[in-house]
Amino acid sequence: MEKLPSAVALIASRKPDRPVLGVRPHATARAARWFLNRFPGDVAYAYKANSSVFLIGALYGAGIRHFDVASLPELEDAATIPGAELHFMHPVKSRSSIRRAYELGVRSFSLDSEDELKKIVEETTGSKGPARDLKLFVRIAVRPKNSRVPLEKKFGISGAAAARLLVKTRQVAAELGATFHVGSQTLTPDAYVAALDEVNQLIVKAGVVVDRLDVGGGFPSCYADSKPAPLSAFMDAIDAGIDKMAVREDVRLMCEPGRALVAEAESLIVRVDARRGNDLYINDGAYGTLFDAAHLGFVFPARLVSRPEIPGETLVPFEMWGPTCDSIDQMKGPFMLPGTVREGDYIEIGNVGAYGRAIAGSFNGYGIYDEVILEDEPMLTMYDTDTSGTREARG
Ligand SMILES: Cc1ncc(COP(=O)(O)O)c(C=O)c1O
């Protein structure tokens with residue numbers, strides 16, 4: 001794929017008709033190295049966040065070998081990665097996908113009900129009887145704290161039922177694990193402290209030995225309206241939380257970051273097709289890469305890349321509208337841009353790498369992107385400092 005120094009260089013050289021995904025593999029590699037250095041266990045990339053071959057390649061190159069997959073198509077795709085260990089962490093799976101996963105060598109599964117446990121046991125039983133090599137993670141529903149996308153409503157088990165499920169799972173699993181998800185884009189580490197405490201209480205109640213502990217995803221990235229605590233504070237909180245738990249000294253830890261590994265590794269470069277007041281009509285939107293901006297109110301950083309910045313020029317708030325005929329195709333922002341933006345300009349919208357291209361569909365005939373590799377820094381980064389949290393990226 002073509003490499004360019006920046007989105008500015010791209011637009012200086014051509015005027016793309018389609019929206020462009022600017023991929024920064026070096027940013028995802030840096031994030032992966034950070035997690036591999038700081039997390040005291042397996043770092044399993046949540047494949048659903050972005051399965052671009054360039055980003056998967058960068059994660060692999062940085063040393064990521066564990067992948068959290070949510071569906072059979074993801075699993076079959078990830079199974080082609082040499083030496084990859086896959087974890088099928090969707091708590092509700094079809095029987096055929098459990099069977100196929102087991103055939104493909106997957107041994108890690110999550111579950112949050114006795115029915116799912118029964119399905120897993122039945123579908124992995126062979127001619128020699130029940131499988132003896134299952135690593136089964138009971139998904140606990142923990143209360144979200146400070147997360148942008150709560151995830152405890154649909155999946156997870158709690159209270160006495162969770163303790164019972166831990167006991168039943170222990171009886172059939174070669175290795176018993178507990179897992180949870182604090183919610184995506186969790187801004188403060190106390191969410192993990194509280195979750196680990198909740199999980200610990202259930203483990204004590206159940207009186208089971210837990211071999212594996214998976215703290216899930218939820219690690220934050222930075223956006224124009226979201227400046228989370230530094231990632232090192234999350235790691236410190238997790239270390240301290242685990243120290244207090246009644247788990248084996250050598251419990252095997254795992255985390256499943258999606259957003260934190262890829263969010264800052266992609267930008268979207270869009271064209272302004274109309275300006276009406278401070279509303280910009282652009283060529284991608286809610287049904288494309290900007291789903292989270294439209295439906296969850298994320299404010300991605302934005303900058304004008306088709307004309308040089310005039311030093312000191314005042315930035316004003318803009319709303320954006322996507323290209324489809326639907327009036328929910330609206331990104332309220334505010335996106336801060338020079339007041340002179342006009343039809344024909346191009347805008348770089350940064351930090352869309354997590355759940356951007358992964359969600360984009362083809363409604364109204366859109367959803368087709370050009371792609372380039374960008375060599376410059378992401379618009380915002382969590383990783384240019386270990387200790388002081390988010391900062392404007394250099395360069
Ligand atoms: C089971 C599981 N693990 C990991 C993730 C990744 O979460 P995040 O992108 O917030 O790190 C998700 C996201 O939905 C998930 O459902």
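**E122.** I started with E122 and found it in helix α6, residues 114-124. The model is predicted, so I kept that in mind throughout. Is E122 buried or exposed? It counts as exposed, because it has 12 C-beta neighbours inside 10 Å and the cut-off for exposed is 12 or fewer.

**Two asparagines.** I turned to phi next. Most residues other than glycine have a negative phi. N146 has a positive value, near 65°. I placed N146 in the loop between β7 (135-139) and β8 (147-149). N146 counts as partly exposed because 16 C-beta neighbours lie inside 10 Å. N351 also has a positive phi, near 60°. Its loop runs between β18 (346-349) and β19 (370-374). How many C-beta neighbours does N351 have inside 10 Å? I noted 29, so N351 counts as buried; the cut-off for buried is 20 or more.

**Cis peptide.** Most peptide bonds are trans. I logged the bond from G333 to P334 as cis, with omega near 10°. P334 sits in strand β17, residues 330-338.

**Helix pair.** I looked up how α2 (residues 25-38) and α3 (residues 53-62) pack. Their axes come within 8 Å and cross at roughly 35°. The crossing of α2 past α3 is right-handed. Which residues of α2 meet α3? I listed P25, T28, A29, A32, R33 and L36. On the α3 side I wrote down F54, L55, G57, A58, L59, G61 and A62. By class, this contact has nine nonpolar, three polar and one charged residues.

**Domains.** I checked the domain assignment of the chain. Domain 1 is given as 3-22 + 264-392, and domain 2 as 25-262. Their C-alpha centres lie 31 Å apart. The contact takes 23 residues from domain 1 and 30 residues from domain 2. On the side of domain 1 that touches domain 2, I noted 14 nonpolar, six polar and three charged residues.

**Ligand.** I finished with the ligand. How many residues surround the ligand? I recorded 17, the closest being A46, S184, G217, G258 and R259. The shell around the ligand divides into eight nonpolar, six polar and three charged residues.

Technical notes:
Residues numbered from 1 in each chain as written. Predicted model: local features only at pLDDT ≥ 70, side-chain atom pairs only at ≥ 80, totals over all residues. Domains from an automatic or database assignment. Contact = placed C-beta atoms within 7 Å. Nonpolar A, V, L, I, M, F, W, Y, C, P; charged D, E, K, R; others polar. Near = placed C-beta within 6 Å. Axes fitted to C-alpha atoms, helices over the stretch in contact; angles between N-to-C directions. Helix = DSSP H or I, 4+ residues; strand = E, 2+ residues; numbered from the N terminus. Left-handed = near helix turned anticlockwise from the far one by under 90°.
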